[in-house]
Amino acid sequence: MSDSSVLKDIASELPLKEAYQDLVHPTASAIGQTVSLPFRAVNILLTPISKWVLQGEANLNEMTKLVSEKVKDIPTEKLVEPEAYVAVPAMQAFSYSMNSDELKNLYANLLASAINSDTKPQVHPAYVEIIRQMSPLDARALEYFSQNGRTAIPLCNIRWQRKSSPCWTGFQKLRLEMNGSPVYFHLVNASEDGVEPSDISLSFENLDRLGLIQIVDDYTVNRDFYNGFEEHPIFEFYEQLYANHPESDKFELALLPAAARITSLGKAFCEICLSDTVNK
């Protein structure tokens, strides 16, 4: 296939009419200065990325303002140069945090801690990569976890199991684990406007994957904290789904108590990266 036909195929996918015309019918240039067609094709295809790079560099000014605000009450003599292996990747990641205030706040807190002589020794370079793998919802979930000094948050697994399983007094559907099949893992009794309940559970599982929290299926917090799980939309959905199950006379849907506990890494991360939000 000729270069011309290949470039026509590429150009046909481009959103800009001008880009298409420039690719298929390049503007005449002085002899010896004509840019090759493949180079022009790549240049056009990378233009959106280039624009984002420029925007990312502009965002560094915003980062400076945010960090300056966070250290304004720190004595000048305590402000020190941050370690490059922390500051450089944090600044780069901040620039491409997709306009998320939650993630920008984490990076700004990290950098503010890195230039404070009191907190600099506690800043671990792994924190940058941890934030990079977090979504804005993950950041809000961790903040929710950290509020009021919580060390554990109740979760529930949904299980299709035999009715003979013992239950907790006062909780008709909250039972201990017996023979059966898991239906849904790590249900979180929390909601947020515009966010699917399943996404909240996914955020907790990602925080567990990152080592910030630990989800324990055989750990129970205060029983009162499990109120409301029976009315959770996901549990009600599965109740309707299994309502006409052929073995409903022997089996039932049950909520199995579990919990998420913050880890030592999670506590250290929150102290550095959520320091200005935890105590609000």
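1. Pairing of β3 and β4. In this predicted model, strand β3, spanning residues 213-216, runs antiparallel to β4 and is joined to it by four bridges. Within this pairing, isoleucine 215 faces alanine 260 of β4.

2. Pairing of β1 and β4, and the burial of β4. Strand β1 (residues 152-162) also pairs with β4, in the antiparallel sense and over 11 bridges. Glutamine 161 is the residue that stands opposite glutamate 252 in β4. How many of the 12 residues of strand β4 are buried? The count is 11 for residues 251-262, so strand β4 is largely enclosed by the rest of the structure. When side chains are considered along these strands, it may be recalled that in a regular strand they alternate between the two faces of the sheet.

3. Overall composition. The protein contains 11 helices and four strands. It has 280 residues, of which 39% count as buried. Among contacts with a separation of 6 or more, 75% are between residues 24 or more positions apart. The accessible surface amounts to about 16100 Å², and carbon and sulfur atoms contribute 53% of that area.

4. Nonpolar cores. The largest nonpolar core has 48 residues, and the members that touch the most others are Leu110, Met134, Phe204 and Phe269. Helix α6 (residues 101-114) gives the most to this core, namely eight residues.

5. Six aromatic pairs are present in the structure. In one of them, the ring centres of tryptophan 160 and tyrosine 242 are 4.7 Å apart and the planes stand at 35°, so the pair is tilted. Tryptophan 160 belongs to strand β1, whereas tyrosine 242 sits in the loop between α10 (233-241) and β4; the pair therefore ties together parts that are 82 residues apart in sequence. Are the two residues buried or partly exposed? Tryptophan 160 counts as buried because its relative accessibility is 9%, under the 20% limit. Tyrosine 242, with a relative accessible area of 22%, is partly exposed. Together with Phe251, Trp160 and Tyr242 form one aromatic cluster.

6. The pair of phenylalanine 237 and tyrosine 238. The ring centres of phenylalanine 237 and tyrosine 238 lie 5.2 Å apart with planes at 75°, so this pair is edge-to-face. Phenylalanine 237 is partly exposed, at a relative accessible area of 48%, whereas tyrosine 238 is buried, at 16%.

7. Serine 201. This residue is found in helix α9, which covers residues 197-209. Its relative accessibility is 2%, and serine 201 therefore counts as buried. Which residues does serine 201 contact, leaving aside its neighbours within four places in sequence? They are Tyr184, His186, Leu187 and Val188.

8. Histidine 186. Histidine 186 lies in strand β2 (residues 180-188), and its phi is near 60°, a positive value in a residue other than glycine. As a general point, most residues other than glycine have a negative phi. The relative accessible area of histidine 186 is 13%, so the residue is buried.

9. Cysteines. How many disulfides does the count give? The count comes to zero. Cysteine 156 is buried, at 0% relative accessibility. Cysteine 270 is in no disulfide, and the nearest cysteine sulfur, belonging to cysteine 273, is 8.3 Å away. A disulfide would require the two sulfur atoms to be within 2.5 Å. Cysteine 270 likewise counts as buried, at 7% relative accessibility.

Methods
Residues numbered from 1 in each chain as written. Predicted model: local features only at pLDDT ≥ 70, side-chain atom pairs only at ≥ 80, totals over all residues. Heavy atoms only, no water. Helix = DSSP H or I, 4+ residues; strand = E, 2+ residues; numbered from the N terminus. Buried < 20%, exposed > 50% of the residue type's maximum accessible area, 1.4 Å probe, protein only. Contact = heavy atoms within 4.5 Å. Areas by Shrake-Rupley, 256 points an atom, 1.4 Å probe, with all protein chains shown as cover. Pairing = 2+ DSSP bridges. Phe/Tyr/Trp six-rings, centres within 6.5 Å; stacked < 30°, edge-to-face > 60°. Core = buried A, V, L, I, M, F, W, Y, C linked by side-chain atoms within 4.5 Å.
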